[in-house]
Amino acid sequence: MATLMVFAALAAPLISPHDPVSQTLVSRLQPTALHSEGSSEYLLGTDQLGRDVLSRVIHGARVSLGIGLFGMVVGLIIGSTLGILAGFTRGFFEDVVMFMVDVQLALPFIIMALAAIAIFGPSLPVLLVIVGIAGWEGFARVSRGMVLSTTENAYVEAARALGASKFRIVMKHIVPNITAPLIVLATLNLTSIILLESTLSFLGIGVQPPMASWGRMIAEGRDYLNTAWWLAVVPGAAIMMITMSISLFGDWLRDALDPTLRGR
Amino acid sequence: MLQFTLRRFIRGLLTLWVVVTLVFFGLRLSGDPVFLMLGDEASPEAITALRSQLGLDEPLPVQYLRYFQTVAQGDFGNSLRERRPVTEIVAERLPATAELAAAAIMISIVFGIPMGIFAALRRNTAIDRGLMAVAFFGQSAPGFFIGIMLILVFSMQLQILPSSGRGTWQHLLMPAIALSTYGVASLARLTRSATLEVLSKDYVRTARAKGLKESVVQMRHVLRNAAIPVITVLGLQIGLAISGSIVIETVFAWPGMGRLIIGAVSNRDYPVIQMAVLLIAVSVVTINFIIDILYGVIDPRIRYR
């Protein structure tokens with residue numbers, strides 16, 4: 001399922017049957033092809049402006065996954081760099097980083113996101129900064145903890161005794177040993193960023209029109225629940241499928257990388 | 001214990017200090033806060049008056065200290081849209097959000113914890129797998145989508161529950177369920193793994209070996225110890241319920257803080273956002289502080305870490 005979504009996101013312009021933003025007002029609110037009044041031209045029906053729902057869902061995959069991956073990578077880089085440095089240097093720097101981690105953990109992130117949007121206005125760059133900051137604290141906490149336990153190992157001590165530089169110890173002996181848990185955490189982080197993006201877009205302050213976003217599609221479809229339920233249900237199902245498949249992938253990865261956790 | 005409490009208290013205060021500082025600099029980063037507070041159509045006289053009232057003609061460090069003073073006094077100014085004190089507007093909206101969040105947390109506890117215990121005690125059976133599949137589903141679905149599905153089924157098709165507003169328990173039911181789905185799911189999964197962890201401990205084997213009844217082993221040895229990680233996560237759940245209510249209130253037109261905040265973000269009603277952010281920060285930090293103290297009482301080892 002995840003592969004299918006990634007494929008849809010990558011090949012969106014090639015596989016989507018229609019332009020996701022072009023409006024055909026004469027074919028507004030057409031039901032899905034399963035319905036007796038539906039047509040095979042619009043497999044998942046059309047919305048209130050006559051746009052093809054299937055094409056919009058396919059392009060929405062691109063937006064959701066793109067923003068999700070961007071946020072995940074930025075969070076991973078910022079968080080793990082700070083976490084590794086904190087665990088390795090200790091002292092004041094570590095205290096400051098861990099305090100910032102605590103602050104971010106203590107506050108619901110969406111509140112800070114809403115405050116930022118109120119100040120800077122809703123736009124794609126603001127959204128990208130928000131998703132980049134979301135979740136760095138998880139990476140920082142895990143990587144610091146892993147560094148602290150890894151530096152206790154004999155091989156790190158041996159490298160130090162052999163005169164290896166700090167940079168070499170971090171890159172050659174510590175980073176390879178903490179990669180696995182960080183990858184697992186990254187998959188979890190990806191689902192929460194996708195949910196954050198869809199929530200902000202649902203509220204009308206995330207991805208801005210005419211860009212297709214699943215959250216926004218649900219918000220628009222909400223007004224037509226009585227007459228055109230598919231407008232809200234189809235993108236909602238897409239969000240659930242993508243988060244479920246990424247979570248399953250993350251669970252599988254965790255079990256594969258750490259067999260002691262299996263079944264927990 | 002006193003030292004532990006004091007340490008946690010100072011940590012909470014420091015967190016709030018960071019939030020207030022972020023709001024202060026955020027306000028100034030965005031340009032002239034006076035324009036944000038008065039809107040674009042303000043007269044030059046009003047701008048000058050507010051600028052000197054807020055002390056914006058003074059040096060930044062003085063402004064910073066003065067800002068703390070006004071915040072501590074609870075003076076958040078007037079809403080740009082409604083032209084009356086923000087504190088008054090927030091006071092009207094707060095009970096609705098508290099009601100919704102409390103109902104959602106109750107549902108999370110009442111359903112999530114027993115689901116997890118039940119699944120763990122019947123590990124690898126169809127019941128376990130079924131319950132965990134439900135939990136997995138609940139964790140993957142966005143709350144606002146669950147809300148819309150509930151409206152579609154119970155308000156539009158079956159027409160047995162109202163789709164919006166506040167007043168009776170029927171109004172509360174769907175928003176509370178939508179808000180609690182994630183909480184039920186994550187509490188169920190966490191309780192299950194915490195219970196499984198304890199079940200594999202030596203003291204449980206000892207308790208069984210000395211011939212204690214299974215119910216005694218479960219109540220006295222397993223559940224008590226499994227409660228520790230669950231309580232910590234409960235603190236997080238409360239924070240999640242408060243932040244989740246923002247979007248759920250929008251779905252169900254629930255007249256609480258969430259809708260107030262979203263309206264304020266769209267209108268850039270800065271005084272309202274400022275108070276809402278600080279109020280939510282204070283409540284979440286206070287709840288986390290209480291949970292930390294409880295945690296220290298239940299598990300004395302924590303105090304010495």
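Predicted model: local features only at pLDDT ≥ 70, side-chain atom pairs only at ≥ 80, totals over all residues.
Local features need pLDDT of at least 70 and side-chain atom pairs count only at pLDDT 80 or more, while totals for chains, interfaces and linings use all residues. Residues are numbered from 1 along each chain as its sequence is written, with chains lettered from A in the order in which they are written.

**View 1. Contact between chain A and chain B.** In this interface, 43 residues of chain B are in contact with 34 residues of chain A (C-beta atoms, placed from the backbone, within 7 Å). On the chain A side, at least two residues each come from α4 (91–106), α5 (109–120), α9 (166–202) and α11 (230–257); helices are DSSP runs of H or I, at least four residues, numbered from the N terminus. The largest share, 8 residues, is supplied by α5(A). The side of chain A that touches chain B comprises 24 nonpolar, 7 polar and 3 charged residues (nonpolar: Ala, Val, Leu, Ile, Met, Phe, Trp, Tyr, Cys and Pro; charged: Asp, Glu, Lys and Arg; polar: the others, Gly among them).

**View 2. Crossing of α10(B) and α11(B).** The axes of α10 (residues 214–252) and α11 (residues 257–267) of chain B cross at roughly 85° and come within 7 Å. The two helices are therefore roughly perpendicular (65 to 115 degrees). Residues making the contact include B:Ile246 and B:Ile248 of α10(B), and B:Ile261 and B:Ile262 of α11(B).

**View 3. Surroundings of A:Gly215.** A:Gly215 lies in helix α10 (residues 214–221) of chain A. A:Gly215 counts as buried because it has 30 C-beta neighbours inside 10 Å (buried: 20 or more other C-beta atoms within 10 Å). Beyond its neighbours within four places in sequence, A:Gly215 contacts residues including A:Glu197, A:Phe202 and A:Gly206.

Notes: Axes fitted to C-alpha atoms, helices over the stretch in contact; angles between N-to-C directions. Parallel < 35°, antiparallel > 145°, perpendicular 65-115°, else oblique. Contact = placed C-beta atoms within 7 Å. Buried ≥ 20, exposed ≤ 12 C-beta atoms within 10 Å, placed from the backbone.
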